[in-house]
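The following report describes the overall fold of one chain and the place where a second chain touches it. Please look at the sequence and the structure before reading on.

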Amino acid sequence: MFGVPTHSFYLILLVVILLMSGSLISYRMQQKHPDKDYTELRQRVQSWWMMIGILFAALLFNQVLAIVFFGFLSFLALKEFLSIVPTRQTDRRVIFWAYLSIPVQYYWVSIGWYGMFIIFIPVYIFLLLPVRMVLLGETKGFIRSVGILHWATMLTVFAISHIAYLLVLPVKNEMAGYIGPVLFLLFMTQFNDVCQYIWGKRFGRHKIIPKVSPNKTWEGFLGGVASITLLAGLTAPLLTPLLWWQGLMAGLLISVSGFFGDVVISSVKRDLQIKDTGNLIPGHGGILDRMDSLLFTAPLFFHFLFYSHY
Amino acid sequence: MDRLIKVLFFALLVKPVVLLLLGLNVRGRNNLPDSGPAIVIANHNSHLDTLVLLSLFPLSMIHRVRPVAAADYFLGNGGILAWVALKCIGIIPLDRSGGADRETLFSGCTRALNAGDILVLFPEGSRGKPEQLSRLKKGVYYLIKERGDIPVVPAMLHGLGRALPKGEALLVPFNCDVVVGESLTERQTAAGFMNSAAESFKQLSAYCLTLPAADADDVAV
């Protein structure tokens, strides 16, 4: 429909309907309780509209723009990460090289060179960063800096670029097109956050890791895992080349790893004693606050799909 | 004409660079004055400080926001730097050589304040060491001593000294914090005023995301 493969079109429609009900609920809440302040809820929903609008525009325009878009997300995420972690003044030049890895990594994606895409950050950048750092000659804090920088590029460049690589895989489900697997991954990851939150809010009693994230409960986690596994089993055959039982496995993988992505970034914030990683997105915080789960789900889902169908 | 140059310079170059290449964590934006005369004081670590602060103002009033900058540094050699400083940024040059008496020294500033402009001042006087606050100079006090009506708003910047420190030409992208405080009320004596400014910078730095919590406690004041 409108040049968009049918199944992907329906998912986009579903997301728009979900957002519309979100707006409606936030409006109703304010009407019902005019004395309470719902600014944050309203901001959250508005920001969702913005993010979804930009994402769909980039995805639907063409593959190249979509790849550039995810490259830009990597840039924002890397910049945000390096801004909150402690770095030395001398690391500026090494950090500059870390940024340059982004266009190169996404270039490999755009030409579909899988072999290079998969080793560029873990091998070449892994070796290049300490080399550049050695040439600067500052040895105090060397180990910590080189560790921070490589972890940062792995999380924000390597992991996120897996979303972009989904776009260049040969289309095996004509009804979903090249955007199908990406939409599936993004929807399941974000909806998993929502489901875990709702299950936790409704039934949550037993905390999982109170020291990291006091709001995470077993009830929320298991409820989210069950919902997403089931939903993924139903929708994976529509949006991806996966069969229904592979869809169940993909859902399980996404919901469990999404949880860990979330708490890993929470630990980073705890360590730095900050609440949000930035304030780029009103009502949500920084880009890492929004993409935390995705950092873990993207590479794992990609490799599951790649192993089972390519 | 000058207004147009400044608006274009900020709309096409500064705002996109500040928003996309750098990225700001802004707190207390509504504390910024929405009309002059007013003074914004900020800590100074980078050439970007001025551009970032000015970019927070809407384009419709950006020509009324005037940074006070060292005449020797920006106008000394003439050329492109002087042109950018005067036409694109609209600085009020300040003579740092120490020859002039106080009245002549600040004549440009008082004239701008009388015209209802918003001044941006860096009381540290120079960019100094990256991400460290040096001693505040009293100059700003003489501007407001007899003008109780002029609000002085403190703004704490952090991260720009990493993005573009003194003596470096390579800009490395970092998110930067801008924390704007409420206007200073303690203005009886020069010492009291300067102390309250320093104290305010210290408090504002607690809201900086890019400042590791362990360091936030011992920001040198």
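The model is predicted: local features need pLDDT of at least 70, side-chain atom pairs count only at pLDDT 80 or more, and totals for chains, interfaces and linings use all residues. Residues are numbered from 1 along each chain as its sequence is written, while chains are lettered from A and ligands numbered from 1 in the order in which they are written.

Chain A has ten helices and zero strands; these are DSSP runs numbered from the N terminus, with at least four residues (H or I) for a helix and at least two (E) for a strand. The C-alpha trace of chain A spans about 60 × 50 × 35 Å along its principal axes. Among contacts in chain A with a separation of 6 or more, 68% join residues 24 or more positions apart; two residues are in contact if their C-beta atoms, placed from the backbone, lie within 7 Å.

Chain A also touches chain B, and the contact takes residues from both chains.

| Chain | Residues in the contact |
|---|---|
| Chain A | 17 residues |
| Chain B | 14 residues |

On the side of chain A that touches chain B, helix H3 (63-84) and helix H4 (92-110) are the elements that give two or more residues. H3(A) gives the most, with five residues.
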